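Okay, thanks everyone, I'll keep this short. Let me put the structure up, and then we'll walk through a couple of helix pairs and a couple of side chains.

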Amino acid sequence: MSPWSFADILRDDIDAWVSRCKHEAHEQGKHLVGSLFRGRLAAKVGVTIKQLDRYCSGECMPPPERLKIICHEIGTVRAVKHLARECGVGVYDVVPVEDATLADQVRQTATILRETGAAAQAAMHADRDGDGMISINEYRAVERETNEAIHALEGLLGMLRAKMEEALRR
């Protein structure tokens with residue numbers, strides 16, 4: 001079981017989206033506050049900012065149709081994948097078969113898995129005094145590499161699933 005909740009991940013994803021929007025606006029010479037983007041997101045979802053904040057605090061869950069809009073707008077389904085994993089359900093990205101060859105996907109996944117292993121080994125070696133603790137930066141490096149590995153594996157499974165479904169339709 002993860003130490004993070006669905007609401008934690010949803011809040012982090014929305015905050016990251018707001019930050020990206022602010023950065024893009026700043027690059028265009030506009031200086032906009034984050035609450036403006038949160039308000040726009042809430043309006044697209046059809047709720048108030050206060051209700052959006054309730055979703056992010058864990059006070060209540062967004063209904064599936066609203067969660068779908070949130071994920072579409074912020075460009076990630078990480079919170080949904082987390083929730084599914086917590087429920088013991090596997091979720092795989094649907095990858096169009098024509099995007100890459102299976103061999104390309106396998107090579108990319110293998111490379112990412114090697115990088116993840118290297119990051120974990122680096123963290124293990126950083127534990128020089130043997131107390132079993134690592135720094136927050138070492139943890140974040142392993143977490144980042146692990147998240148990339150999860151994404152790559154989900155992409156590979158999605159591609160394999162698409163190929164299998166294509167074969168079944170024939």
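So, to start: at what angle do the axes of H2 and helix H4 cross, and within what distance do they come? Keep in mind as we go that this is a predicted model. The answer is that the two axes cross at roughly 140° and come within 9 Å, with H4 being residues 64–74. As for the hand, the H2 and H4 crossing is right-handed.

Who's actually touching there? On the H2 side you've got Leu41, Lys44 and Val45, and on the H4 side Arg66, Ile69, Ile70, Glu73 and Ile74. Sort the residues of that H2 and H4 contact by class and you get 5 nonpolar, 3 charged and no polar ones.

Is arginine 38 buried or exposed? Its relative accessible area is 15%, and the cut-off for buried is under 20%, so arginine 38 is buried.

What does the arginine 38 side chain make polar contacts with? One partner is the side chain of aspartate 15, at 3.3 Å. Another is the side chain of aspartate 53, and that polar contact is 2.7 Å. If you leave out residues up to four places away in sequence, arginine 38 touches Ile14, Asp15, Val18, Ile49, Leu52, Asp53 and Cys56. So both of those aspartates turn up in the arginine 38 contact list too, as Asp15 and Asp53.

Now, over to the other helix pair. Helix H6, residues 102–126, packs with helix H7, residues 136–169, at an angle of about 160°, and their axes are 9 Å apart. That angle is over 145 degrees, so H6 is roughly antiparallel to H7. Here the crossing is left-handed. How do the residues in the contact of H6 with H7 divide by class? They come out as 16 nonpolar, 5 polar and 5 charged.

Last stop is glutamate 145, which is in helix H7. Glutamate 145 has 14% relative accessibility, which means it counts as buried. And what does glutamate 145 touch, not counting residues up to four places away in sequence? That would be Glu115, Thr116 and Ala119.

Note on methods
Residues are numbered from 1 along each chain as its sequence is written. This is a predicted model: local features need pLDDT of at least 70, side-chain atom pairs count only at pLDDT 80 or more; totals for chains, interfaces and linings use all residues. Side-chain values use heavy atoms; hydrogens and water are left out. Buried means under 20% relative accessible area, exposed over 50%, partly exposed in between (1.4 Å probe, protein chains only). A polar contact is a pair of N or O atoms within 3.5 Å; within protein, one must be able to donate a hydrogen and the other to accept it, and residues adjacent in sequence count only if both atoms are side-chain atoms. Contact means heavy atoms within 4.5 Å. Axes are lines fitted to C-alpha atoms, for helices over the stretch in contact, and angles run from 0 to 180 degrees between N-to-C directions. Helices (H or I, at least four residues) and strands (E, at least two) are DSSP runs, numbered from the N terminus. A crossing is left-handed if the near helix is turned anticlockwise from the far one by less than a right angle, and right-handed if clockwise. Ala, Val, Leu, Ile, Met, Phe, Trp, Tyr, Cys and Pro count as nonpolar, Asp, Glu, Lys and Arg as charged, and the others, Gly among them, as polar. Angles under 35 degrees count as roughly parallel, over 145 as roughly antiparallel, 65 to 115 as roughly perpendicular and the rest as oblique.
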